[in-house]
Amino acid sequence: MYSDRVLSGMRPTGRLHLGHYHGVLKNWLRLQNEYQCLFFVADWHALTTHYDTPQGIEENVRDMVVDWLAAGVDPAQATLFVQSRVIEHAELHLLLSMMTPLGWLERVPTYKDQQEKLASKDLSTYGFLGYPLLMSADILIYRANRVPVGEDQIPHIEFTRELARRFNHMYGREPGFEDKARAAVKKLGSKKARLYDECRTAYQEKGDDAALESAKALLNDAQNLSMNDRERLFGYLEGSGKMILVEPEALLTEASKMPGLDGQKMSKSYGNTISLREDPDEVARKIRTMPTDPARVRRTDPGNPAKCPVWQFHLVYSDDATRQWVTAGCTSAGIGCIECKQPVIDAVRAELAPIRERAAYYEDNPDQVRNILADGCEKAQELARDTMRDVRDAMGLTFS
Ligand code: TRP
Ligand code: SF4
């Protein structure tokens with residue numbers, strides 16, 4: 001139940017570009033081979049800032065999912081779904097809102113930052129303030145323990161951890177917890193019970209993390225425990241109440257080394273992108289018109305790669321030999337910029353060829369995309385429902 005589970009979400013921004021590919025998607029491709037992964041489209045999150053312009057969200061969702069699939073996200077390995085189709089996220093968001101201190105939300109750094117950055121927009125809304133809590137619900141509802149995010153999202157993961165702790169502390173302290181936990185230990189059978197107790201002591205008295213991990217593994221493997229007993233034993237292990245919600249850990253995704261065509265960060269709003277479905281002629285045209293070291297006015301002027309955005313592309317795409325050829329040729333004016341750009345054009349085209357092919361396939365087969373998402377939503381919903389049963393129980397909502 002508490003084995004490693006990865007969850008990540010992306011706002012529906014429509015078609016993706018090389019920045020997304022090198023910054024996020026390649027990381028997802030690696031993770032899907034290693035862990036149980038859930039990847040979702042955070043369409044409600046889009047409304048927290050764009051509530052006044054909902055037009056086009058649906059198309060953006062589809063375009064983005066086609067690009068995920070085109071990049072190689074594999075629905076046979078990972079679960080792909082759309083947030084708004086798993087309405088349990090909203091129920092958990094509501095229930096958590098009851099016990100979330102307002103100050104915690106006001107203190108999240110993005111709250112004031114974004115309000116200032118997007119000053120033209122009225123972001124003094126309930127939904128915008130609650131955005132980190134919605135993100136917490138997204139994570140906690142799957143008991144996901146690993147969440148790949150960029151640097152800017154780390155405070156949200158920290159917020160989620162504190163919230164889970166507060167929740168378990170507040171609602172995991174059922175009457176007679178200690179006795180119930182002791183009874184559950186016995187149900188493990190004498191050998192495992194002894195091992196569990198030894199690990200628990202080693203962790204609580206000596207802070208032995210390896211012992212904590214072994215005990216968790218033991219609980220994950222134990223077949224004959226009820227859900228309730230399992231949660232008790234996880235909580236008892238760490239000295240809290242029942243562990244109903246799992247504290248997630250951030251898997252920090254390194255910032256992408258992929259710059260835009262002008263050397264700034266690649267971003268749609270800067271108009272400096274190469275999209276994942278870019279046509280090969282367009283790839284060549286965009287790279288040929290990229291700015292270079294301004295000192296190279298004439299072909300005979302030597303240049304400095306460190307001052308050239310094309311060099312950043314070589315750092316992503318070229319091997320050592322090519323880079324040496326660039327450095328030598330540029331600084332001696334031995335090669336021209338058009339010549340220098342050719343290996344980059346070839347490499348980008350080669351990278352995009354299989355992606356374009358898969359994108360074309362999914363564009364021609366929209367039903368397949370719909371089915372992948374319908375399947376994913378169903379699987380996600382099953383997991384979400386399990387957690388909500390426990391959360392409702394813990395919060396006294398047992399009316400039937
Ligand atoms: N807040 C994230 C962003 O803006 C997207 C997101 C929403 C997310 N819910 C999430 C990411 C849960 C990871 C896990 O980029
Ligand atoms: Fe940039 Fe290459 Fe031209 Fe040097 S030769 S300025 S690295 S494009």
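Begin by selecting E88 and R385, which form a salt bridge whose closest N and O atoms are 3.2 Å apart. Then display the helices around the pair: E88 belongs to helix 4 (residues 88-97) and R385 to helix 18 (residues 366-394), so this contact ties together parts that are 297 residues apart in sequence. Please keep in mind that the model is a predicted one. Across the whole structure, a search finds 26 salt bridges.

Next, select ligand 1. Which residues are the closest to ligand 1? Among the 13 residues that surround the ligand, the closest are R11, Y131, M135, D138 and Q153.

Three of these side chains may now be inspected in turn.

- R11: a polar atom of this side chain lies 3.1 Å from an oxygen atom of ligand 1.
- Y131: an N or O atom in the side chain is 3.1 Å from a nitrogen atom of the ligand.
- D138: a polar side-chain atom is found 2.8 Å from a nitrogen atom of ligand 1.

Switch to a surface view of the ligand. On its own, ligand 1 has 360 Å² of accessible area, and the protein covers 89% of this. Now colour the elements that give two or more residues to the shell around the ligand: strand 1 (5-10), helix 8 (131-140) and strand 4 (146-149). Helix 8 supplies the largest share of that shell, with four residues.

Finally, select D208, D209, E213 and E249. These residues gather on the surface in a patch of negative charge. To place one of them, show helix 12 (residues 209-221), in which D209 lies.

Terms used: Residues numbered from 1 in each chain as written. Chains lettered and ligands numbered in written order. Predicted model: local features only at pLDDT ≥ 70, side-chain atom pairs only at ≥ 80, totals over all residues. Heavy atoms only, no water. Patch = residues over 30% accessible without salt bridge, like charges linked within 9 Å, V, L, I, M, F, W, Y side chains within 5 Å. Areas by Shrake-Rupley, 256 points an atom, 1.4 Å probe, with all protein chains shown as cover. Salt bridge = Lys/Arg side-chain N within 4 Å of Asp/Glu carboxyl O. Lys, Arg positive; Asp, Glu negative; His and termini not counted. Charge placed at Lys NZ, Arg CZ, Asp CG, Glu CD. Near = heavy atom within 4 Å. Polar contact = N/O pair within 3.5 Å; in protein donor to acceptor, adjacent residues only side chain to side chain.
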